[in-house]
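Welcome, and please open your viewer. We will go from stop to stop, selecting a few residues each time.

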Amino acid sequence: MTNSICTKQDNTRIERALMAVDMPAPITTTVLAGDASLRRYARLRFADDSTLVATLLPLNSTSAEIGAKSGAERFCEVAELLNQCQIPTPEIVHFDAQQMIYLQEDLGDIMLATAMADQSLQERRHWYSKAV
C-alpha cells in the first residue's frame, strides 16, 4: 500500500476496518483535507479503481474534544436514518467504535458550491433545493 502522510497507527486502524468487512488492502492511501474538527480523512483506492473514504477520529481525545464515541455513533445512526428516508448520503460501510474509525462511500472532491459557481441563479436554486 502506498501512503501519503498516514501514520503507522492510522494504517493499522484502516487495515483492521477493511479486514472486518473482508476488503483487500488498498493500493494507495491518500490523506484528504479535513474540516474544522479533529477527524482525519483518507481516500483508499483499490486495485479495481474503486475508492472508499476512511474517517479516523482521535483515539485518546476527551469526549469534550470529539463529542465522545457516542458522537461518532450518532453520526452513523443519522446517516442510516437519512438513507432509510431515501435521502442521498454517503453509505457507511463499516464503523468500529473501539478503533474510532468508519469507512464510507467516496463521493469525490467536488463541493456543490464549486460545481454551481458558474451556473445561473435558477440552476443553483434547483440543485440546492434538491440537496436540502
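**First stop: a helix and a patch**

Select L112, which is found in helix α4 (residues 112–116); helices (H or I, at least four residues) and strands (E, at least two) are DSSP runs, numbered from the N terminus. This is a predicted model, where local features need pLDDT of at least 70, side-chain atom pairs count only at pLDDT 80 or more, and totals for chains, interfaces and linings use all residues. Residues are numbered from 1 along each chain as its sequence is written, and side-chain values use heavy atoms, leaving out hydrogens and water.

L112 counts as partly exposed because its relative accessibility is 31%; buried means under 20% relative accessible area, exposed over 50%, and partly exposed in between (1.4 Å probe, protein chains only).

How many salt bridges does the structure hold? There are five, each a side-chain nitrogen of Lys or Arg within 4 Å of a carboxyl oxygen of Asp or Glu.

Select R43 and D106: they form a salt bridge, with the closest N and O atoms 2.5 Å apart. This pair links distant parts of the chain, with R43 in strand β3 (residues 40–45) and D106 in the loop between β6 (101–105) and α4, 63 residues apart. Both residues are buried.

D109 counts as exposed because its relative accessibility is 60%.

**Last stop: two more selections**

Select D49 and R45, a salt bridge with its closest N and O atoms 3.2 Å apart. Finish with D10, R13 and R40, which salt bridges link in a network.
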